[in-house]
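Please look over the chain shown below before reading on.

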Amino acid sequence: MPFEMPKPGEHHEKLKKLAGQWQGEEKMYPSDWDPKGGTAMGHTSARVSLDGFAVLSDYHQERDGRVTYQGHAVWTYDAKEGCYVLHWFDSMGSPAEVFKGTFENNVLTVSHGGKMHARLTYDLSHGDTMKSKMEMSPDGTHWNVFFDGIYRKK
C-alpha cells in the first residue's frame, strides 16, 4: 500500500483567512521604541504554502514615505499542542520569536513570554477588513497597547 501524504485540516483552513494583500493605517502608541508614537502604513503580502499547512507572510511598515520596519511570518497549526503557532522574523536582527495561541470566532490571538511579553490579535470577522493589535507587558499581567491597525484586503 503506498504512503499517503497528510492533508491539512480545519485548523489550517482557518489560517487561509490571513492570505492576501493587506494595507492599512496603524496607530503607534508611545513606547520605549517610539517615545512620540504616531501613525504608519502597514503592508502585508500573505500566501498559503507547503500544500496548505502554512501561511507565509511578508510585512513592511512605512512612515514619512520610507520603510521603517520589516517582518516575515510563518503561520502553522500544531496538532500535538492544539494551538496556532507564529514564527516571526524581523529587521531588528533578533532571533525568531515564537507565538502560540487560539483562533476563535474569527479572532486569532497569539502570545509569547520572555523578558518582554507580547500578544498579537487579528480580528478577521469583518469581511475584507482585518483589525490588528499588539500589546506588550513586562510581566504578562499588565498590558499596554504597542500598536493597533485596520487593514483592507486589496
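In this predicted model, 38% of the 154 residues of the chain count as buried. The accessible surface of the chain comes to about 9400 Å², and 52% of that surface belongs to carbon and sulfur atoms.

**Overall fold**
- The chain holds one helix and ten strands, and from the N terminus on its elements run α-β-β-β-β-β-β-β-β-β-β.
- The radius of gyration of the chain is 16 Å, close to the 15 Å that the globule rule gives for 154 residues, so the chain is as compact as a globular protein of that length.
- Along its principal axes, the C-alpha trace spans about 65 × 35 × 30 Å.
- When contacts between residues at least 6 apart in sequence are considered, 31% of them join residues at least 24 apart.

- In soluble globular proteins, nonpolar side chains tend to be buried together.
- The largest nonpolar core here has 27 residues, of which Leu-18, Trp-75, Leu-86 and Leu-108 touch the most other members, while β8 supplies the largest share of this core, with four residues.
- Leaving aside residues up to four places away in sequence, Leu-86 touches Ala-73, Val-74, Trp-75, Glu-97, Val-98, Phe-99, Val-110 and Leu-120.

- Trp-33, Met-92 and Met-116 make a nonpolar surface patch of about 330 Å².
- Met-116 is found in the loop between β7 (107-112) and β8 (117-126), and this residue is partly exposed, with a relative accessible area of 31%.
- Patches are made of residues with over 30% relative accessible area and no salt bridge, so Met-116, at 31%, passes the cut-off on area.

How values were computed. Residues numbered from 1 in each chain as written. Predicted model: local features only at pLDDT ≥ 70, side-chain atom pairs only at ≥ 80, totals over all residues. Heavy atoms only, no water. Patch = residues over 30% accessible without salt bridge, like charges linked within 9 Å, V, L, I, M, F, W, Y side chains within 5 Å. Areas by Shrake-Rupley, 256 points an atom, 1.4 Å probe, with all protein chains shown as cover. Salt bridge = Lys/Arg side-chain N within 4 Å of Asp/Glu carboxyl O. Helix = DSSP H or I, 4+ residues; strand = E, 2+ residues; numbered from the N terminus. Buried < 20%, exposed > 50% of the residue type's maximum accessible area, 1.4 Å probe, protein only. Core = buried A, V, L, I, M, F, W, Y, C linked by side-chain atoms within 4.5 Å. Contact = heavy atoms within 4.5 Å. Rg over C-alpha atoms; globule rule 2.2 N^0.38 Å.
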